[in-house]
Amino acid sequence: PLAGWCANTQECLAMLLRPGSAGSNTVADHLQVLAACIAQIPSAYRAKILIRVDGAGASHALLERIEALNTTRRTVRYTVGWKITEADEAAIAALPEGAWEHAVDQDGAVQETCHVAELTGLNTRVGGWPAGIRLIARRARPSKRHLSKLTELERRTGWRYQITATNITRMRAVAGSQHPQFLDVLHRAHAVVEDRVRTEKAMGLRNLPSKAWSVNLGWVLAANLAADLDAWTRLLGLHDDEQLVRAEPATLRYRLWHIPARLTTHARRRWLHIPADWPWREAFLACWQRLTSLPAPG
């Protein structure tokens, strides 16, 4: 499936079930999922949208569609992985050593072994892409699993290169948002989708149950409902529990979903009896009370 998630809530906004032969960079599918994702966002929250896509999204049609979403009332920005070609490597090779600056982590800590640099002005490929596109190059020492896939330039320099394409020149009221270091961090934060993919698989998406397309569509929907319930439970009920807010679904299932309790009825009321020595009793009660105290949706 091809899917999109909301970074603010971790919920899946849209997921498109596709044939097994579907390509990762099929533009029509990307456009369909993009439209479905935006449609899921309440209109009051569509004034400023940031869209982050991995390397499969680096297509003319997708970026042109994103640019077309910009209006006088709506600002849409993107960061997308960029497949490196010989032209890109030539531009990287032309970068002076002084152009590279240390990359930073999400918390601002300097990454001593990684560097970033602006590549836009040296790259000849940007001419045919949407106006205002910027290319941010990143280099890091290759790990063992990357050694067999290095290009000639990477073997010669000892660095592994990646490029991010973006239309961000500056974000209003966000200091340093124009800097390559900021944009590099912003795009790398997109990796949180790997956590959501893992959650979706744990909720049943790992195996489609049928050869029937309609059955698998229902299965995908059910898995998404379960994953979204997991996301909102963490956000609304476990946000201050350091052990559970980022726990894997299997851990939550063991600690919260499958509790060693008895449900009884007395005086026309239902009573849940939880052992006093159960380690996660207080965490369950706090989560339950927070969720049940939420106002009914309008």
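This note goes through the predicted model above, from the whole chain down to single residues.

1. Basis. Residues are numbered from 1 along each chain as its sequence is written, and side-chain values use heavy atoms, with hydrogens and water left out. Because the model is predicted, local features need pLDDT of at least 70 and side-chain atom pairs count only at pLDDT 80 or more, while totals for chains, interfaces and linings use all residues.

2. Overall make-up. The chain holds nine helices and 10 strands. Both are DSSP runs, numbered from the N terminus: helices are H or I with at least four residues, strands are E with at least two. The C-alpha trace spans about 80 × 45 × 40 Å along its principal axes.

3. Of the 298 residues, 39% are buried. Buried means under 20% relative accessible area, exposed over 50%, and partly exposed in between (1.4 Å probe, protein chains only). Among contacts with a separation of 6 or more, 57% link residues 24 or more positions apart. A contact here is heavy atoms within 4.5 Å.

4. Surface and charge. The chain has 38 positive and 28 negative charges, and their mean positions are 6 Å apart. Lys and Arg count as positive, Asp and Glu as negative; His and the chain ends are not counted. Each charge is placed at NZ of Lys, CZ of Arg, CG of Asp or CD of Glu.

5. Strand S8. This strand covers residues 160-166; five of its seven residues are buried, so it is largely enclosed by the rest of the structure. S8 pairs antiparallel with S7 over seven bridges. Strand S4 (residues 75-82) also runs antiparallel to S8, joined by four bridges. Strands pair if DSSP finds at least two bridges between them.

6. Arg139. This residue sits in strand S7 (residues 134-140). In S8, Tyr161 stands opposite Arg139. Arg139 counts as buried because its relative accessibility is 5%. What does its side chain meet in a polar contact? The partner is the side chain of Glu97, at 2.6 Å. A polar contact is a pair of N or O atoms within 3.5 Å; within protein, one must be able to donate a hydrogen and the other to accept it, and residues adjacent in sequence count only if both atoms are side-chain atoms. Beyond four places in sequence, the contacts of Arg139 include Trp100, His115 and Trp159.

7. The S9-S10 hairpin. Strands S9 (residues 262-266) and S10 (residues 269-273) run antiparallel, joined by five bridges. Leu263 stands opposite Leu272. Two residues lie between the strands. Ala267 in the turn has a positive phi of about 55°, although it is not a glycine. Ala267 is exposed, because its relative accessibility is 60%.

8. Gln10. Here is another non-glycine residue with a positive phi, about 75°. Gln10 lies in the loop between strand S1 (2-5) and strand S2 (12-16). Its relative accessible area is 25%, so Gln10 is partly exposed.

9. Ala87. This residue belongs to helix H3 (residues 86-94). Ala87 is partly exposed, at 28% relative accessibility. Thr124 is 37 residues away in sequence, yet the C-alpha to C-alpha distance to Ala87 is 6.8 Å. Leaving aside neighbours within four places, Ala87 is in contact with Thr124 and Arg125.
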